[in-house]
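Have the viewer open and try each task before reading on.

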Amino acid sequence: MFNLNKNKLITLLKVQYSNMLEYRVEIALWAISGIIPFFMLNIWTNNNLNESINLSNLMLSRYFLSAFFVRQFSVVWVVFTFEEDALLGKISPYLIQPLNPFFRYFAQHIAEQITRFPFAIIIALIFFLINPESVWIPSLSILLLACLSTFFSFLIQFLIQSIIACFCFWTEKASSIERLLFIPTLFLSGLLAPVISFPEYVKSWIYITPFPYLIDFPANILSGNNTNIISGFFMQIFWISVLFPIFKRTWFLGTKKYTAMGS
Amino acid sequence: MEENIIQVENLSKSFDVSSKEPGLKGTLKHFFKRETKSIEVIKNINFGIKKGEIVGFLGANGAGKTTILKMLCGLIYPSQGKLSVAGNLPYKRRSSFLKNITLIMGQKQQLIWDLPPIESFYLNAAIYDIEKIEAKKRIKKLSDMLEIEKELYIPVRKLSLGQRMKSELLAALIHNPNILFLDEPTLGLDINAQNNLRKFLQIYNKETDATICLTSHYMKDITSLCKRVICIHEGSLTYDGRLEKLLKKISPVKDILFICKTDKDAIELSNSGFIIKNQNQKEITITIKKESIKSTLKKILNKFEIEDLYINEPPVDEIIGNILVKEKV
């Protein structure tokens, strides 16, 4: 069930990409709806809040643009789709195929990210037109590291939501558990403020959680801000390797409880 | 003796169901203390199915037919009992087992709604590790058989229900499964589409020797496809055997319509002690036990002036409808 070879992956991506292109208008709107970091940038710079964390206006604007990019390519909604599919019995046909249904959702997310890409570039270009001083071209190695850490951030969020999604086998509203995570994700991930701006005692424990590695770490890499790349990647890989077996176990136990409701 | 490809022994399945009393009091009680009870939907069922057989599962709504199919294909876990399908424990859902079976549910679809069916076919082919060239061949063959060559490139949402169902069937059969679980496959289809689907299943069964387990509320599906039926009533097995035998057992009578030459013959015939089902002037329908048809006919034809007669079997729907609500057949 967890065997995904190259052929399966490429076909899944191709099909899901074709499917996503059917929704290009919606995806453009979703891309636009992800501009929270720009609002935050405005709040930070207008109130000179960046002075307290020794980050220049320029670096702050690059940080929030990077946060926008990271967010665009790490948005996860699997819990909501899975919840609907599980409750309506739509996953039944997929459960008896020799491929875990989560690979379908995974491919959907990747396909959506590819579809978002041009819209994100357009939004970035508009940002640069408004803030020409923020224009920067990261080196290839920085770009690759940023892409890798963004992908890891996506994987962490996908695994967290997939574990929560599996609770659908026990409770009918697993998405409400996801909402519990929304607040810490919003505040601790670096979407509203760089984690560096948090008080020292808060930072010391935030860095143990997976949250700062979702937005803050990849955005710092991309924007060229100071960050410990090795420990950041170590923590991302640590969380992926902790979450994956939990997901596998929850999936295994959950499917035992599946009642194929609605079918 | 040929071994069973499907073997079920003392199979039971229970579901936990929570109940709630109506009104605010009931709602509050339900919020603080949820009461759940276990309902046994399948009770100690035993049967075996041989390779190549087409078996119909009969039962009223909620009898447990679909639950049995879901357990056989590995979708849900049994609560008790033994279950083996092609030598596998279905609920383990091993790849080798899943590549051998398929499940088609009339009311559920696996095709991607916004894309043409051909995209879902190639996706399924990749999932089942079928090479692209081989997949192309199979799609061509199956689409010819199902007569949906033109619909392959039209988005699923634009297809009619019949075309969609045929496409679902193609998607479910692309990996050449040996065991087919069909849950109301003709649901919502018009008569022509139903007939085509039945013909296709007959051909598929003949060509591949596939085993087919089928549930349907359309009796024509059962009578034209299944020689053997399994009747389920409130989770228990009430009959397992040949459909023909069941019909004979349940309906040991025939209706014979006599058209008398004169009104006098009609009156006399109606007063001769036979079971009269219908009477309309010179036309009288008499219900006669199958074993005494010959002697009764002889008696009537000798005694009365009969212009014409018709022998009718009671409608299968009517007979099976009666079976569905019986605890024992």
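**Exercise 1. A helix in chain A**

Which residues of α1(A) are buried?

*Solution.* A word on conventions comes before the steps. The model is predicted, so local features need pLDDT of at least 70 and side-chain atom pairs count only at pLDDT 80 or more, while totals for chains, interfaces and linings use all residues. Residues are numbered from 1 along each chain as its sequence is written, and chains are lettered from A and ligands numbered from 1 in the order in which they are written.

Step 1: locate the helix. Helices (H or I, at least four residues) and strands (E, at least two) are DSSP runs, numbered from the N terminus. Helix α1 of chain A covers residues 6–21. Its 16 residues reach 22 Å from first C-alpha to last, close to the expected 22 Å; the expected span is 1.5 Å times one less than the number of residues.

Step 2: apply the burial cut-offs. A residue is buried if 20 or more other C-beta atoms lie within 10 Å of its own, exposed if 12 or fewer, and partly exposed in between, with C-beta atoms placed from the backbone. In α1(A), the buried residues are Leu12(A), Val15(A), Gln16(A) and Met20(A).

Step 3: look down the axis. The buried residues of α1(A) fall within an arc of 140°, so they line one face of the helix; the arc is that of the directions from the helix axis to the C-beta atoms. On the face turned away from the buried side sit the exposed residues Lys6(A) and Ile10(A).

Step 4: find the packing partners. The buried residues of α1(A) pack against α2 (24–33) and α7 (101–130) of chain A, together with α4 of chain B.

**Exercise 2. The two chains touch**

Work out which elements of chain B supply the side that touches chain A.

*Solution.* Step 1: count contacts. Two residues are in contact if their C-beta atoms, placed from the backbone, lie within 7 Å. By this test, 26 residues of chain B are in contact with 24 residues of chain A.

Step 1: assign them to elements. At least two residues each come from α3 (95–98), β5 (101–105) and α4 (117–127) of chain B. The largest share, five residues, belongs to α4(B).

Step 2: sort by class. The side of chain B that touches chain A has 16 nonpolar, four polar and six charged residues. Here Ala, Val, Leu, Ile, Met, Phe, Trp, Tyr, Cys and Pro count as nonpolar, Asp, Glu, Lys and Arg as charged, and the others, Gly among them, as polar.

**Exercise 3. A strand with two neighbours**

Which strands are joined to β8(B) by bridges, and in which direction do they run?

*Solution.* Step 1: recall that two strands pair if DSSP finds at least two bridges between them.

Step 1: take the parallel side. Strand β3 (residues 54–58) of chain B is joined to β8(B) by four bridges. There, Leu58(B) stands opposite Cys231(B).

Step 2: take the antiparallel side. Six bridges join β8(B) to β9 (residues 236–242) of chain B, and in β9(B) the bridge partner of Cys231(B) is Tyr239(B).

Step 3: check the turn and the cover. The hairpin of β8(B) and β9(B) has two residues between the strands, and Glu234(B) takes a positive phi near 45° there. Strand β8(B), residues 228–233, has five of its six residues buried.

**Exercise 4. Buried or exposed?**

Classify Leu170(B), Asn176(B) and Gln281(B).

*Solution.* Step 1: Leu170(B) lies in helix α6 (residues 161–173) of chain B. This leucine is buried, because 26 other C-beta atoms are within 10 Å. Beyond residues up to four places away in sequence, Leu170(B) touches Phe121(B), Leu142(B), Ser143(B), Leu146(B) and Ile148(B).

Step 1: Asn176(B) is in the loop between α6 and β6 (179–183) of chain B. With 16 other C-beta atoms within 10 Å, Asn176(B) is partly exposed. Its phi is positive, about 50°, although it is not a glycine.

Step 2: Gln281(B) is in the loop between β11 (275–280) and β12 (283–289) of chain B. Gln281(B) counts as exposed, because it has 9 C-beta neighbours inside 10 Å. Though not a glycine, Gln281(B) has a positive phi of about 55°.
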